[in-house]
Amino acid sequence: MNKIFRITAVALAVTTAALGTQAANFDLAGGIQFHNDLVQVDFLLATDGTDVKIWTDSWLSGLNFDPTAALWRKSGSDFTLLQAVDDDDTVAAGQGFYDTGFVLPSLAAGRYRVTLGAAVNAANGTLLSQGFAYDSETPIALGQWDQPTYDPNANDQKGGAWSLHFRNVDQISAVPEPSAWLLLALGLAGVALMHRMRR
């Protein structure tokens, strides 16, 4: 799976600040570079939630890519698909026609994941481990890609900015791509080696 997750420093500060169990609101923003990049954000409901809302408002009349989102629930070592939505601009004010989101009047306590990518990069199945439609494709920069969503004959190159909003959830956390974990591990090993050599 080709994954990328870049969020602004402001979003990171908001994300890490809410570690309690009281429902809160979170606003994230970042950018993807390629048509098959995937943003993944986990959220927690410590108790059954009411009026949970999740949405994008970054399409901006075609300035950025047309997003598609999926909601997953943690099930054992994997995540099970609950809903997938391509276009829904009725969730919150400020959304554009091709933005997307979820309105969840009631949601059981548990750990969930939201995936956000360029439409129509749909899930391959009901388990997150089954991947997404564009996973095996060579990455195409969004500025050079004609997104096949509403007019295949249009000059449809888009920017990669995205925004994702959460209402009435307890905690959120970014899901780093595997290469980020590798870089972190190598960095920590390097620091440990330098510390050992100083002794």
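## Strands and the sheet

Two strands count as paired if DSSP finds at least two bridges between them, and strands here are DSSP E runs of at least two residues, numbered from the N terminus. In this predicted model, β1 and β8 run antiparallel and are joined by 7 bridges. Phe-26 has Phe-166 in β8 as its bridge partner.

These strands belong to an open sheet of 4 strands, ordered β1-β8-β3-β6 with antiparallel pairing. β1 (24–31) and β6 sit at the edges with a single partner strand each, so one side of each has no neighbour in the sheet.

## Aromatic pairs

Now for the rings. Phe, Tyr and Trp rings (six-membered ring for Trp) pair if their centres lie within 6.5 Å; planes under 30 degrees apart are stacked, over 60 edge-to-face, and the rest tilted. There are 6 aromatic pairs in the structure. One of them is Trp-59 with Tyr-98, edge-to-face at 4.9 Å centre to centre and 65° between the planes. That pair links distant parts of the chain, 39 residues apart: Trp-59 is in the loop between β3 (49–55) and β4 (67–75), Tyr-98 in the loop between β5 (78–85) and β6 (101–107).

Phe-43, Tyr-112 and Phe-166 make up one aromatic cluster.

## Ground rules

Residues are numbered from 1 along each chain as its sequence is written. Local features need pLDDT of at least 70, side-chain atom pairs count only at pLDDT 80 or more, totals for chains, interfaces and linings use all residues, and side-chain values use heavy atoms, leaving out hydrogens and water.
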